[in-house]
Amino acid sequence: MSTAEGFPAILGGMPIRPQGPPLWPVADEAIQDALQQSINSGDWGRYQGHSNEQLVSSISKFLDVKHVVPCASGTAAVELALRGLKVGVGDEVILSAYDFKGNFQNILTLGAIPVLVDVDQKSWQISAEMIAQAVSSKTRAIIASHLHGGVAPMPEIVTFGRTAGIAVLEDACQMPGAIIAGKQAGTWGDIGVWSFGGSKLLSAGRGGVLFSQSDDIIQRVRLYTLRGNDAYPLSELQAAVVCPQLDQLNLKNTIRSRSVEFLKASLSDFTGLIPFDCTLVETSPGYYKLGFQYEPGKFGGMDRDLFAQAMRAEGIALDPGFRALHLIHSARRYKTTGSLVEAEHADRQVLTLHHPILGSQDPADLQQVSQAVARIHTHASQIVKSRKKQNPET
Ligand SMILES: *Cc1c(COP(=O)(O)O)cnc(C)c1O
């Protein structure tokens, strides 16, 4: 390898992946066939058709749940789930201060109050212990999300919820098909949700689904959505493209998990880039993103956003994670009980690798990730210096 080839792309070198990250979603014959069938049969123009029926029955079997309701997006699914749990004006809903922003906004939409709790120090996921400290007489529900390949401890959270008489909404948008302590992610809570958004593991460009064992919860959701017509629908064409992806989900999850094991091993020398890990037994997470805890000190003081930028210049889809919810919303909007210091660490230090490269079965693709990290690590002080020259104040 010549010097020029080994030079970071952010400093003008040749990118390790000049072609950029793999495309998502991928072209797939089964998806094309399903679309063609829906078009040929005329079902694509129907409000209620074969594809939605098939999707409901497949998901119901896959998750072993009684009720499955497809809808317009993962965000809509969370809103409907909260309505199904009777969350209303003045009620409190507990969620992690490090979570998907739409979950916070959905609580406000219902006139309820988000109660933010800190994340666990090791996993940067919500924990039963933190939830317990935030409960009040007004607590109506808990939102537990599994984020960036990390897993919320559902057995403990559900046990706590049951004892306290508080409903649990499990947001499994980032890990359809994952197994947590021997049970499907999303089916631990009183109600669970998936997203079919454009970047997600099961994708219809847009869309989502909610599922539950409870007749009452689903009855309330249906009363809300059915206004002579479904006000939050998933179209027949959307349902048609999801069905074949569900058939392939377990296989693809296995491939992604294998890739994550490979990556973890190949990145183990870089102590400033620690992959999210789960210690729950009988658990295999899903990987919409693989999260990392980033330590600037181990990369010559390079800040997290600059590191992500240098990786993207190499053609690797690495991005900062979420903003902590209390740092981007007025304190008038939420309540909190204790310190949110770990959520603030997550806000500053999370990096996420987008999943398409994990679907590759060519080890060369995965090796490019660790090659890019190594190259940036080697040239860290030069990258930091060149940035200081460009922005002398920072
Ligand atoms: C993507 C996502 C959602 C919402 O999904 P959309 O379909 O994009 O509305 C909700 N929660 C989490 C954790 C997500 O990652």
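## Salt bridges, ligand shell and local contacts

A search of the whole structure, which is a predicted model, finds 11 salt bridges. Three of these pairs are described here, and the table lists their separations.

| Salt bridge | N to O distance |
|---|---|
| K66 and D215 | 2.8 Å |
| E92 and K335 | 2.7 Å |
| K264 and D277 | 3.2 Å |

The side chains of K66 and D215 meet in a salt bridge of 2.8 Å, N to O. This pair links distant parts of the chain: K66 sits in the loop between α2 (50–63) and β1 (67–71), while D215 belongs to helix α7 (residues 215–225), 149 residues apart. D215 has a relative accessibility of 43% and therefore counts as partly exposed.

A salt bridge also joins E92 and K335, at 2.7 Å from N to O. Here two strands are linked, with E92 in β2 (residues 92–96) and K335 in β13 (residues 335–336), and the two residues are 243 residues apart. E92 is buried, because its relative accessible area is 5% and the buried class covers values under 20%. K335, at 36% relative accessibility, counts as partly exposed.

In the pair K264 and D277, the side chains meet at 3.2 Å, N to O. K264 lies in helix α8 (residues 236–266), and D277 lies in the loop between β10 (273–275) and β11 (289–294), 13 residues apart. K264 is buried, with a relative accessible area of 16%.

### Ligand surroundings

The shell around the ligand consists of S73, G74, T75, F100, L147, D171, C173, Q174, S195, K200 and G207. By class, this shell holds 3 nonpolar, 6 polar and 2 charged residues. Several side chains place polar atoms by the ligand. An N or O atom in the side chain of T75 is 2.6 Å from an oxygen atom of the ligand. For D171, an N or O atom of the side chain is 2.6 Å from a nitrogen atom of the ligand. K200 contributes a polar side-chain atom that lies 3.0 Å from a ligand oxygen. Taken alone, the ligand exposes 380 Å², and the protein buries 89% of that area.

### The loop residue T283

The loop between β10 and β11, which holds D277, also contains T283. The side chain of T283 reaches the backbone nitrogen of A181 at 3.0 Å. A polar atom of the T283 side chain also lies 3.2 Å from the backbone oxygen of V281.

### Helix α9 and its ends

Helix α9 spans residues 304–313, and its buried residues are R304, L306, F307, A308, A310 and M311. At the start of α9, a side-chain oxygen of D303 comes to within 3.0 Å of the backbone nitrogen of D305. Just after the helix, G315 takes a positive phi of about 95°.

### A nonpolar surface patch

I39, W44 and L237 make a nonpolar surface patch of about 280 Å². I39 is placed in helix α1 (residues 29–41). With a relative accessibility of 41%, I39 counts as partly exposed.

Definitions and conventions
Residues numbered from 1 in each chain as written. Predicted model: local features only at pLDDT ≥ 70, side-chain atom pairs only at ≥ 80, totals over all residues. Heavy atoms only, no water. Salt bridge = Lys/Arg side-chain N within 4 Å of Asp/Glu carboxyl O. Helix = DSSP H or I, 4+ residues; strand = E, 2+ residues; numbered from the N terminus. Buried < 20%, exposed > 50% of the residue type's maximum accessible area, 1.4 Å probe, protein only. Near = heavy atom within 4 Å. Polar contact = N/O pair within 3.5 Å; in protein donor to acceptor, adjacent residues only side chain to side chain. Areas by Shrake-Rupley, 256 points an atom, 1.4 Å probe, with all protein chains shown as cover. Nonpolar A, V, L, I, M, F, W, Y, C, P; charged D, E, K, R; others polar. Patch = residues over 30% accessible without salt bridge, like charges linked within 9 Å, V, L, I, M, F, W, Y side chains within 5 Å.
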